Amino acid sequence: DRSVRLIRTDNNAANELRLKIYRLGKIIPLSEAVPVLENFGLRVIEEFPFDLAGGKLGWIHDFLLEVSDPALLADWDALKARVEPALTAVLIGADENDGFNALTIACQLGAEAAGWLRAYFRYMRQTGVTYGLMTVVDALRRYPAISRDLVALFETRFGPSAGDRATAQPVCLAAIEAGLADVASIDDDRILRLYSSVMLATLRTNAFVPGRPEALAFKLDSHAVPNLPPPVPYREIWVYSPRVEGIHLRGGPIARGGLRWSDRRDDFRTEVLGLVKAQKVKNTVIVPTGAKGGFFPKQLPAPSNRDAWLAEGTTSYSIFIRALLSLTDNLAPDGTNIAPADVICHDAPDPYLVVAADKGTASF
C-alpha cells in the first residue's frame, strides 16, 4: 500500500533530493515517516502532503531531503536502484527500521546486503557483544570500503556464482586486512574483525536460496566464533527476521533437548545456553550431550487478545522451524545424504536436528 520515488531537479542543491511516498489509504503521520528517512541517513527539511480526491484515493507525500555529502548522490541511477526498494520494504514492514538502512547510501550496499550485516549484529549481541547498534553502524559507515569487502567475503563463501572460492576468499581477506591497517579506533577495529571472524565461522546460510527467505539462517561452527561464553556448543543455527529471532544450540553431532518460546528478547541465547548445561547432565545416561533452541516473536499483539497472541507465536515458531530445516540435510530412503538445495555447505553431511517440545511449544 506504499511506494516511493526519488527525484532530483535542477533546482536542488548539490546535497538535496526529493522523495515522493505514494500511499493508498490514510495520510502517513510524520512521526512514522521521518524516523524511517533519518535511519537511511537522510535529513528531512520539509514535507508537503497532497490528498487525492480529498484523501479518498490516497495521498502523495513530497519530502525535501539532504545527505551529509554531495558525493553520495554522484551515481544517481545506482542510488535510486538501491534505495527505492529498500525504503519501500521498510515502509511496508518487510524490513526493519533501524540504522543499518543507512548503509544503502553511506556504503553503497543493497538492502539485502545491509540485512546480512544486521542479522550478524543481532547474533553478536546475543553472544554478549556489548557494542550498541549505532556504534556498529557508525563503524561500518566510517569504512565503507571494508563494509563492501565484508559483503564480498560473504558472497564469496556462499554465493551461487562465486566461482573458485578457494582462490577468491584469500583475496577478500587480504583486502579486509589492508583496509584495517588504516582503522584508527580500537573499537572500530574490533567490530570489523568480529564481522570477518563470524563470517568465516559460518558453515551454511539460506541467504542465497532463490526468492527472498522469510527468515535468514546461519549455521555456525561455534568453536570458531571469538569469545563465546562456555560451554561452547558443537554447532549453532541463528535465525533472524523482522518477525522472529531464534537460536539452536547443539552440544555434539547427536544430542537431545527441545525448543522453547522465550520471553527474553535481548539474551535468549544466554537462557538457552544455561538449559543446554542442564540438559547435558540429564542426558548422561541416555545420549552423549544436550541441545536446546529458543525463539522470540518480535511482533506479538497485546496479551489481552489471547487468540491473536497465540496465533502470532505459533506462526513465529513455524518460521523458526522452516529456517532451521532450510540448512539441514535430508536422508533418502536408502540412507543417502541430500544437501539442501542452493545452499553451499562448508561442513560434513549433517541430517540431524533436535525439534522436541519445550516450554510453550508442546501443543505446536
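**Why these pairs and strands get their names**

Student: What makes Arg204 and Asp329 a salt bridge?

Tutor: Their side chains meet with N and O 2.8 Å apart. A salt bridge needs a side-chain nitrogen of Lys or Arg within 4 Å of a carboxyl oxygen of Asp or Glu, so the pair Arg204 and Asp329 counts as one. Arg204 sits in strand β5 (residues 202–205) and Asp329 in the loop between α10 (306–325) and β11 (330–331), so the pair ties together parts 125 residues apart in sequence. By the way, this is a predicted model, where local features need pLDDT of at least 70 and side-chain atom pairs count only at pLDDT 80 or more, while totals for chains, interfaces and linings use all residues. Residues are numbered from 1 along each chain as its sequence is written, and side-chain values use heavy atoms, with hydrogens and water left out.

Student: How do you know whether Glu96 is buried or exposed?

Tutor: Check its relative accessible area, which is 13%. Buried means under 20%, exposed over 50%, and partly exposed in between (1.4 Å probe, protein chains only), so Glu96 is buried. Arg122, at 17%, is buried too.

Student: Why are β1 and β3 at the edges of their sheet?

Tutor: The open sheet has four strands in the order β1-β2-β4-β3, with antiparallel pairing. β1 and β3 (43–52) each have a single partner strand, so one side of each is left without a neighbour in the sheet. Strands here are DSSP runs (E, at least two residues; helices are H or I, at least four), numbered from the N terminus.

Student: How do you know that β2 and β4 pair?

Tutor: Two strands pair if DSSP finds at least two bridges between them. β2 and strand β4 (residues 58–66) have eight, in the antiparallel sense, so they pass. Strand β1 (residues 2–7) is joined to β2 by six bridges, also antiparallel. Within β4, Leu64 is the bridge partner of Arg18.

Student: What makes Asp62 and Arg18 a salt bridge?

Tutor: Their closest N and O atoms are 3.1 Å apart, so they meet the cut-off. Asp62 is in β4 and Arg18 in β2, 44 residues apart, and both are buried.
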